[in-house]
Amino acid sequence: MKLGYCSMPMHPPGRPWADTLAEDREAVIVADRLGFHDAFIGEHLTDRYETITNSLVFLATLIPQTRQIKLATGTTNLSHTHPALVAVQSAMFDHLAGGRFILGISPGALPSDAELLGILDEDRNQMFAEAIDVILGLWGGQPPYSLRSGRFAVSTERTIDLDLGVGVVPKPLQSPRPEIVGTVVAPYSQGATAMGARDFHPLSANFLLPRWVATHWPKYLEGKPGASPQDWRIARTVFVADDDAVAQAYGRDDPGSPYRFYYAQMLAKMRKLGRLGLFKTHRDQPDDEVTLDSVLDQLVITGTPDAVADQILAFADEVGPFGELVYAGLDWVDPKLARRSMELLAEKVMPQVNGQPVSG
């Protein structure tokens, strides 16, 4: 099982923006040093707590400061920009990063982002599907281009001049294209089936109960029968410490815990969006039974390395085999503990999960 990193990210109010951006960059640099396979970085336009507005711009600053980790948008929200821009900018990034690029995609779920862009009443899932057709068409096609997908009509037929080199869309470095990963949230997601049909790879969200995560791979196989579970990434909220009391306090119980803050925000957001079912153990569970403590109990894996390894293995037994555990990065309330958690996960926990000897 590989180890990845993801961050939405979410920071408490009052912190200088530059400080949170520096911290988020440092987390990816630490992940690279520890041998994490990839790092997915999210973006939002209008969220005061999630402070990265363009994941591709953010990741570009990390190309010269990382060596092996793949840099992934987590996600590029395809309803927010023209797909031709996504195609050409992602292609350039792939070359800048020497092929260390993964395109993570989603429609864009935050309503306030959609309102800002004047698309609140649009079908953003349909925009998402239409945008994908354009991106793949540009990457796989040859000039002059003439692509029509719903609202998008993309062409260079009227202006192409091959002698001058204009009207030609650049291709990514990776052939035939970079890996494309879609985030999966909804239980029994039809989107997972559509991803399989296109040979995109699924990343199950960290804020989804295990019983709902377990529904994603069967749906993916409906679109891509015979696919290897090595292509399935699952994000989890994990905190590892040398001392169990520290792990429980920082990872769950303390009022200042970043894990408590994160899930308080997610619980409030999902309640407002009418998606509280993500946190329910069964469909007809009353809303008032979904509390912050119940969510923390079910979604935060915390403890010493041995305890966390046991919890990850139990989780894998529940959801089935998968190829990559993606560590959800949160605010560094205590930078020393945050870095140590990543170190312990990479150096102590994952070797146990993978059945290797643990040094030290």
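Buried means under 20% relative accessible area, and exposed means over 50%, with partly exposed in between. By this rule Trp 217 and Trp 232 are buried in the predicted model.

**View 1. A stacked pair of tryptophans, Trp 217 and Trp 232.** Twelve aromatic pairs are found in a search of the whole structure. In this one the ring centres of Trp 217 and Trp 232 are 5.7 Å apart and the planes stand at 15°, so the pair counts as stacked. Trp 217 belongs to helix H8 (residues 216-223), while Trp 232 sits in the loop between H8 and strand S10 (233-240). The two tryptophans are 15 residues apart, and their pair links distant parts of the chain. Trp 217 and Trp 232 also belong to a cluster joined by ring pairs, together with Tyr 220, Phe 315 and Phe 322.

**View 2. A tilted pair, Phe 239 and Tyr 250.** The ring centres of Phe 239 and Tyr 250 lie 4.8 Å apart with the planes at 45°, so this pair is tilted. Phe 239 is in strand S10 and Tyr 250 is in helix H9 (residues 244-253), eleven residues apart. Both residues are buried.

**View 3. The crossing of helices H10 and H11.** The axes of H10 (residues 258-273) and H11 (residues 292-299) come within 10 Å and cross at roughly 115°. The crossing is right-handed. H10 contributes Tyr 259, Arg 260, Tyr 263, Ala 264 and Leu 267 to the contact, and H11 contributes Leu 292, Asp 293, Val 295, Leu 296 and Leu 299. Of these contact residues eight are nonpolar, two are charged and none is polar. The buried residues of H11 are Ser 294, Val 295, Leu 296 and Leu 299. Their cover includes H10, S10, H9 and strand S11 (300-303).

**View 4. Thr 75 and its surroundings.** Thr 75 lies in the loop between strand S3 (70-73) and strand S4 (76-77). The peptide bond joining Gly 74 to Thr 75 is cis, with omega about 25°. Is Thr 75 buried or exposed? Thr 75 has a relative accessible area of 7% and is therefore buried. Its side chain makes a polar contact of 3.1 Å with the side chain of Asn 77 and another of 2.6 Å with that of Ser 106. Leaving aside residues up to four places away in sequence, Thr 75 touches Ile 41, Gly 42, Glu 43, Ser 55, Gly 104, Ile 105, Ser 106 and Thr 183.

**View 5. Backbone details at Pro 176, Tyr 188 and Asp 199.** A cis peptide bond runs from Ser 175 to Pro 176, with omega near 5°. Pro 176 is in the loop between strand S7 (152-155) and strand S8 (179-184). Tyr 188, in the loop between S8 and helix H6 (190-198), is not a glycine but has a positive phi of about 55°. Asp 199 also has a positive phi, near 65°, and is placed in the loop between H6 and strand S9 (201-204). Tyr 188 is partly exposed at 45% relative accessibility, and Asp 199 is partly exposed at 37%.

**View 6. Glu 318 in helix H12 (residues 305-319).** Glu 318 is partly exposed, with a relative accessible area of 45%. Not counting residues up to four places away in sequence, Glu 318 touches Pro 210, Arg 211 and Ala 214. From Glu 318 to Gly 108 the separation is 210 residues in sequence and 29 Å in space, C-alpha to C-alpha.

Methods:
Residues numbered from 1 in each chain as written. Predicted model: local features only at pLDDT ≥ 70, side-chain atom pairs only at ≥ 80, totals over all residues. Heavy atoms only, no water. Axes fitted to C-alpha atoms, helices over the stretch in contact; angles between N-to-C directions. Helix = DSSP H or I, 4+ residues; strand = E, 2+ residues; numbered from the N terminus. Left-handed = near helix turned anticlockwise from the far one by under 90°. Contact = heavy atoms within 4.5 Å. Nonpolar A, V, L, I, M, F, W, Y, C, P; charged D, E, K, R; others polar. Buried < 20%, exposed > 50% of the residue type's maximum accessible area, 1.4 Å probe, protein only. Polar contact = N/O pair within 3.5 Å; in protein donor to acceptor, adjacent residues only side chain to side chain. Phe/Tyr/Trp six-rings, centres within 6.5 Å; stacked < 30°, edge-to-face > 60°.
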